[in-house]
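Me: Could you walk me through this protein? I'd like to take it one question at a time.

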Amino acid sequence: MSGRRSSAGDAITLHRDDLPDGLDLGRSVAVDTETMGLNPYRDRLCLVQLSSGDGTAHLVQLVPGRPGGAPADCPNLKRLLSDPSVLKIMHFARFDVAVLQRTLGITVAPTVCTKIAARLVRTFTDRHGLAALCRDLLGVEISKQQQSSDWGAAELTPEQLAYAASDVLHLHALWERLEALLVREDRRELAQACYDFLPARTRLDLLGYEDPDIFSHRA
Ligand code: MN
């Protein structure tokens, strides 16, 4: 099921179970996921969105195909997400990396996270959501209306596909803006140290060391 395009203008290609063979998305790929909810143990992964930053998005729909509700194997997707030569650009990578690790058994790396970058440089605000960053840094309005829709549906609606794509279409531009701010504020190295720590952070989360956090003084 590939080659399906949305009516929204930006090319959106929907794939089922895995990326097609031979698809090259370049050296930096924007990645996001949609799940049934926010608990990686309870809520299954439904969709993985990817963009090379060229205004088009590839969406991989994962449907339960194996005992226990696990998706069918997706070797191309797994290879890309764990390829050490391909940078993954994400927003709040901590969640997506955890759910991808839990579902696909892979360590997603290397990553950068636009939310971490925003927190490091935009200390004048507490608004670090993707929509707020797209508005403030890019002048782009993205709708979050479909965020809490049923991503487990067998047939996703055009609105869901457009929303899912919009979560990756602007990450390259956002990352570029935030990189410049990290350099300006001399926090680029600190950001890199945070990105490098993400696989360990998500392993801690999945082991149950999320609350209280291991860095917390609270007993
Ligand atoms: Mn999303």
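**Rings, metal and sheet**

Reply: Let's start with a charge and a ring: Lys 115 lies over the face of Phe 92, at 5.6 Å from the ring centre. A charge counts as over a ring if NZ of Lys or CZ of Arg is within 6 Å of the ring centre and within 35 degrees of the ring normal. Keep in mind that this is a predicted model, where local features need pLDDT of at least 70, side-chain atom pairs count only at pLDDT 80 or more, and totals for chains, interfaces and linings use all residues. Residues are numbered from 1 along each chain as its sequence is written, and side-chain values use heavy atoms, with hydrogens and water left out.

Me: Which residues are the protein donors of the manganese ion?

Reply: Donors are N, O and S atoms within 2.8 Å of the metal (3.2 Å for Na, K and Ca), and water is not among the atoms, so sites may look incomplete. In sequence the donor residues follow the spacing D-x1-E-x132-D. The protein donors lie 2.0 to 2.2 Å from the manganese ion, and they are Asp 32 (OD), Glu 34 (OE) and Asp 167 (OD).

Me: Is Glu 34 buried or exposed?

Reply: Buried means under 20% relative accessible area, exposed over 50%, and partly exposed in between (1.4 Å probe, protein chains only). Glu 34 has a relative accessible area of 7%, so the word for Glu 34 is buried.

Me: What kind of aromatic pair do Phe 197 and Phe 215 form?

Reply: Rings of Phe, Tyr and Trp (its six-membered ring) pair if their centres lie within 6.5 Å; planes under 30 degrees apart are stacked, over 60 edge-to-face, and the rest tilted. By this rule there are two aromatic pairs. One of them, Trp 151 with Tyr 163, has 5.8 Å between centres and 35° between planes, making it tilted. For Phe 197 and Phe 215 the centres are 6.1 Å apart and the planes make 65°, so by the cut-offs the pair is edge-to-face.

Me: What is the order of the six strands in the open sheet?

Reply: Strands are DSSP runs (E, at least two residues) numbered from the N terminus, and two of them pair if DSSP finds at least two bridges between them. Strand E2 (residues 28–35) and strand E5 (residues 87–90) run parallel, joined by three bridges. The pairing in the open sheet is mixed, and the order is E1-E4-E3-E2-E5-E6.

Technical notes:
Helix = DSSP H or I, 4+ residues; strand = E, 2+ residues; numbered from the N terminus.
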